[in-house]
Every structure is written in structure tokens, then in C-alpha cells.
Amino acid sequence: MVNVGNIQLPDFPLLLAPMEDVSDPPFRAVCKANGADLMYTEFISSEGLIRDAAKSVQKLDIFEYERPIGIQLFGSDVETMGECARIASRANPDLIDINYGCPVKNVACRGAGAALLQDIPKMVRMTDAVVKATHLPVTVKTRLGWDESTKNVGEVAERLQDIGIKALTVHGRTRVQMYKGEADWTLIGRIKDNPRIQIPIFGNGDIDSPEKAVEYKNRFGVDGVMIGRASIGHPWVFNEIKHFVQTGQHLPPPTVADRVAVCRQHLDFSIRWKGEIVGLFEMRRHYANYFKGLPDFKPYRMRLVTTDSYSGVSDILAEIQENYITELV
């Protein structure tokens with residue numbers, strides 16, 4: 001077992017990464033059903049939550065079947081982050097996670113997310129404020145450093161463990177890299193090898209196959225892996241990795257019928273949670289991923305992203321299933 005504070009996870013747990021505009025309750029539902037062990041909300045702005053902004057408050061929605069579930073927070077002000085942690089704790093998640101890794105300009109250039117990698121003392125003060133503001137386990141997600149010359153995640157791991165975080169997830173890129181190039185897990189492995197480090201260390205970045213998950217588990221000794229982009233349109237990745245870890249064998253790939261069924265589940269939840277207009281609109285970003293690799297799919301994709309009724313989309317999905325009758329290989 002892997003313990004994150006009082007949360008017990010299975011050996012080598014698989015975590016769903018918090019992804020803005022992706023990791024909402026409908027998406028988390030299909031990932032949980034397909035093997036995700038620990039999930040997080042989309043990241044929530046501390047300023048937005050303090051102001052009671054509707055979008056930030058809605059992101060606090062969590063459901064019993066999602067557990068264990070963490071609420072991820074980001075911000076640039078120490079006191080505000082502490083107050084935000086108190087507010088988020090009232091939503092009754094299983095843990096609070098702090099985002100020190102988001103590289104996008106409208107976050108990092110405001111002094112939040114990965115920007116804190118340029119000010120480790122402030123990162124420590126902020127983390128301490130969050131730890132003291134909640135009774136829940138606090139975890140952190142971060143990157144190797146701001147750029148190639150400041151890969152300071154080893155120092156970060158020690159200092160944040162010392163003030164009470166219960167797990168650390170490291171994305172194997174710097175902020176300057178954004179999501180380009182290959183993730184470097186070397187420093188993640190060094191953190192895990194550090195005898196001072198007693199908390200679980202999870203690796204993140206480029207895990208897109210069962211083989212890579214097992215390879216990185218063995219090479220770098222991480223306690224588990226966090227999966228982000230590889231799960232979009234393919235929530236089966238979690239069970240595929242679990243099966244490969246246990247047996248060394250691959251599960252059969254999802255059939256077209258499987259893809260349609262999970263896409264329907266995702267769509268139905270999206271409409272229940274957000275209403276038909278918003279639910280249909282926000283599902284449009286997912287269709288191409290669910291049916292990636294199907295030959296001559298572009299006309300269906302265009303119809304899916306322009307149809308503005310649930311019944312219309314449902315009919316198109318039925319047509320896809322009927323017309324693509326062979327299994328993907």
C-alpha cells in the first residue's frame with residue numbers, strides 16, 4: 001500500500017492529473033470507472049474562490065464515488081491561499097493539493113503555479129499556511145524548476161516535506177519547457193533515492209503506454225505515476241497499465257462500441273451536471289479524442305461539434321457505432 005496521510009492507495013497507484021477544462025466531474029467519472037486510483041479537481045484559483053466566483057465554486061463539486069479525491073488550489077498570495085484551503089476543506093475532499101507547476105502565462109506571470117519555483121522561501125511559507133489551515137493531508141504538484149539552470153526540485157522536496165506535505169508529484173519538465181520535448185525523470189528518481197525523503201513521490205510526464213509506466217516504475221522507483229494527456233479520450237489507459245503491471249500482458253484495445261459507450265456516459269454526465277447547452281458545448285473538445293484513429297472520421301467529427309441537441313448527438317453516436325463495425329487493432 002501507498003499512504004498519503006490517512007489515505008491508503010494500492011501499490012503503484014495511478015493518479016489522474018488535474019487538467020484545466022478537462023478534469024471536471026464528467027471526465028473524472030469515466031476515468032474512475034476505468035481504473036484511476038486518485039483524482040484531482042481542475043485547479044481552482046484562490047482569488048476566485050475568495051471572491052465566490054461561480055466558476056471557481058462549481059469546481060468544488062465532488063461526488064462520493066470519486067473518492068479519494070483532492071481539490072487542487074493555486075494562487076500567488078500566502079494569506080489568501082490559507083483562507084482558500086479553509087474554504088475548500090469545507091467541501092469535504094480527501095486532500096488538498098497545491099499547484100506549483102502550471103506553466104501557462106496567465107497563471108505563472110501572475111506569480112502563481114510554476115512561478116513559485118523562482119521563490120522557494122515564498123513557496124515554503126505558502127505551503128505552511130495551507131498545511132496549517134486544514135485538517136486534511138496536503139500534497140504538492142510541481143516541476144523540475146523554472147529553467148535548465150534552476151532545477152531546484154530536490155531542495156523543494158526536502159523543504160516541503162519538512163513542513164508537513166504528505167506526497168509530492170513532479171512533472172519532469174521545467175516551466176520554460178512547457179509541454180515540449182521529452183520529460184526528464186532523472187531528478188525524480190534522485191528525490192526518491194534521497195534517504196531524507198519519506199513521503200510518496202509520484203512521477204508525471206509522457207506516461208502514455210503500459211510499457212512506459214512499467215519502465216519508469218523500475219528505472220526511477222517512483223511510488224506511482226500521474227497521467228494527464230494520455231487519458232483524454234482514452235480513460236482505459238488506467239486499467240491497461242494495471243493489467244500490464246500485474247500480468248505483463250496487454251488488454252484488448254477498446255472497440256468502437258466501447259468508445260461510443262464511454263463517450264455516451266461522459267456526455268450524459270456532462271449534461272446532467274452543466275445542463276444541455278453547456279454540457280453539449282463542452283463535450284465538443286472530447287469527440288476527436290474518443291474516436292482518434294478511425295478512418296474517414298472527419299465528417300462525423302464536424303457533425304458532432306456542430307449539432308446543438310442531445311438527441312442529435314445521440315443519433316450520430318449510434319450511426320458511428322453502426323458504421324464502424326470492426327474492432328480497432
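**Notebook: domain interface and a helix pair**

I started with the interface: domain 1 and domain 2 together bury about 1400 Å², and carbon and sulfur atoms account for 68% of it. I note that this is a predicted model.

Next I looked up the bounds. Domain 1 covers 2-247, and domain 2 covers 256-326. I then checked the separation of the C-alpha centres, which is 29 Å.

I listed the contacts across the interface. Domain 1 contributes 17 residues and domain 2 contributes 14.

I searched the interface of the two domains for salt bridges and got one. I also looked at the side chains of Asp24 and Lys274. They form a salt bridge, with N to O at 2.6 Å.

Then I turned to helix packing. I took α11, residues 256-274, and α15, residues 310-323. How far apart are the axes of α11 and α15, and at what angle do the helices pack? I read 9 Å for the distance and about 170° for the angle. The pair is therefore roughly antiparallel, as angles over 145 degrees count as such.

I wrote down who makes the contact. From α11 I have Val256, Ala257, Val260, Cys263, Arg264, Leu267, Asp268 and Ile271. From α15 I have Tyr310, Val313, Ser314, Leu317, Ala318, Ile320 and Gln321.

Last, I sorted the residues of this contact between α11 and α15 by class. I got eleven nonpolar, two polar and two charged.

How values were computed: Residues numbered from 1 in each chain as written. Predicted model: local features only at pLDDT ≥ 70, side-chain atom pairs only at ≥ 80, totals over all residues. Heavy atoms only, no water. Axes fitted to C-alpha atoms, helices over the stretch in contact; angles between N-to-C directions. Helix = DSSP H or I, 4+ residues; strand = E, 2+ residues; numbered from the N terminus. Parallel < 35°, antiparallel > 145°, perpendicular 65-115°, else oblique. Contact = heavy atoms within 4.5 Å. Nonpolar A, V, L, I, M, F, W, Y, C, P; charged D, E, K, R; others polar. Domains from an automatic or database assignment. Buried area = accessible area lost by both parts, 1.4 Å probe. Salt bridge = Lys/Arg side-chain N within 4 Å of Asp/Glu carboxyl O.
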